[in-house]
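Student: I have a model open and want to go through a few spots in it. Can we start with a loop residue?

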Amino acid sequence: MYSILIVDDELPAIEGITSGVSWKRLGIGTVLTAMNPRQAREQFAAQPIDLLLCDIEMPQESGIQLLSWVREHSPQTISILLTCHADFEYAKDALALGAFDYLLKPTPYDEVERVLQKALCKLGEEREKQEYYRYGEHWVNNRSLVEEQFWQELLGGGIPADKEKIGRQAQKRNVTIDLQAQYRLLLCSVRQWSKPPEDWEQRNLDYAIKNVLSELFYAEQTPFLIVSMEVDHKAMLLPLSGKLGDKDSLRECCGQYIAAAKKYFSCNVCFYCGTPCGVAGLLDTYTKLMRSNRDNEHYQQGVFFEDELPLTQRAPQAINSVNRYIEEHLSEELSREELAEQVYLNPAYLSRLYHKETGESISEHIARVRMDRIKEYLSHTDLSISAIAYQVGYTNLPYFSKLFRKETGMTPLEYRKKSGT
């Protein structure tokens with residue numbers, strides 16, 4: 001939740017804004033007030049403040065002067081100024097000091113909310129950008145390029161898959177490796193970018209993606225290694241002795257990363273988890289995992305284990321999940337793309353799969369479920385016809401009645417009377 005400080009020397013103006021704006025809807029949890037710049041500075045000293053909404057015309061010290069102080073002492077705060085006068089010089093001074101916007105009083109509350117929403121969007125973008133670069137900077141300062149190159153060569157076939165030869169190459173490069181240990185190899189593959197990165201962003205993204213993986217797996221106190229392979233592919237090496245040795249814990253941790261990747265990097269990710277092997281078996285395992293990724297034409301997100309069902313055998317689970325989502329969101333406008341996102345499938349593939357498994361299209365199934373629900377409501381409730389239509393996702397009442405007559409040969413009212421409700 002965000003915080004805001006409202007500064008105005010007129011108490012009615014403060015009371016009007018605090019009571020007239022829908023703070024909860026905006027996501028603002030803390031609303032602070034001050035009657036003059038001195039009180040405002042005390043509030044800034046007491047807690048961090050995300051937004052400042054400040055009147056310009058105040059005795060002793062103006063809002064412009066306060067804005068200058070805020071810029072120096074709390075540069076992350078976004079400032080919006082209010083004034084009774086459409087004076088260009090005021091606006092010029094405010095913009096020169098980095099004010100986000102400039103509103104004329106009295107300002108309608110919906111206009112205040114609109115500007116605050118824009119400011120909050122900017123604030124959210126700045127916070128994500130800072131977190132993004134923090135991840136990247138941490139990784140740049142803390143990993144060994146030589147070590148990564150060794151593992152890239154091993155997984156790419158540049159070092160023969162022989163324990164003794166691997167050991168000699170590791171010793172030659174001062175890379176620490178346990179030749180007797182058993183490892184689980186993971187392939188983390190970016191399947192789809194919602195916002196494809198520019199070329200200049202790719203390097204920073206690579207560092208940032210690695211560091212999110214690092215933080216999540218380090219939280220489990222598990223030693224690990226992350227290696228960049230082909231574009232959009234990361235290999236992870238986990239010893240079986242760690243806390244993520246069992247599948248359930250590993251699946252949960254991978255799931256957390258999938259959610260973080262979607263939030264911070266706007267991409268969909270799949271994890272492919274190999275069966276445990278020694279160092280000499282890592283090349284073969286990596287080759288199999290890459291093949292699984294290439295063969296996966298349908299899933300955009302998910303965690304898949306090498307020794308479990310092939311990807312193509314997961315159809316029943318996907319169909320059940322789609323049907324359950326339809327049942328729970330029947331009052332909403334349901335699109336093929338939205339349903340595909342719930343099960344991490346390509347929309348076109350989901351349509352083909354659904355028809356193959358059920359014998360009907362997704363739209364036919366939705367229409368049938370809606371019609372069954374309508375009949376149930378008409379037979380067992382006293383809800384109005386219009387209320388029933390909205391409950392099952394029809395906003396156009398004449399169209400709803402036409403569909404129902406086509407299906408049953410009766411109007412909704414005739415059907416209700418026949419069923420005795």
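Tutor: Start with Thr 77, whose side chain reaches the backbone oxygen of Ile 49 at 2.7 Å. This is a predicted model, where local features need pLDDT of at least 70, side-chain atom pairs count only at pLDDT 80 or more, and totals for chains, interfaces and linings use all residues. Residues are numbered from 1 along each chain as its sequence is written, and side-chain values use heavy atoms, with hydrogens and water left out.

Student: Where is Thr 77?

Tutor: In the loop between helix 4 (63–73) and strand 4 (78–83). Helices (H or I, at least four residues) and strands (E, at least two) are DSSP runs, numbered from the N terminus.

Student: Is Thr 77 buried or exposed?

Tutor: Thr 77 counts as buried because its relative accessibility is 9%; buried means under 20% relative accessible area, exposed over 50%, partly exposed in between (1.4 Å probe, protein chains only).

Student: Now Glu 360. What does its side chain make a polar contact with?

Tutor: With the side chain of Arg 368, at 2.8 Å. A polar contact is a pair of N or O atoms within 3.5 Å; within protein, one must be able to donate a hydrogen and the other to accept it, and residues adjacent in sequence count only if both atoms are side-chain atoms.

Student: And which loop holds Glu 360?

Tutor: The one between helix 14 (347–358) and helix 15 (362–380).

Student: Buried or exposed, Glu 360?

Tutor: Glu 360 is also in the buried class, at 14% relative accessibility.
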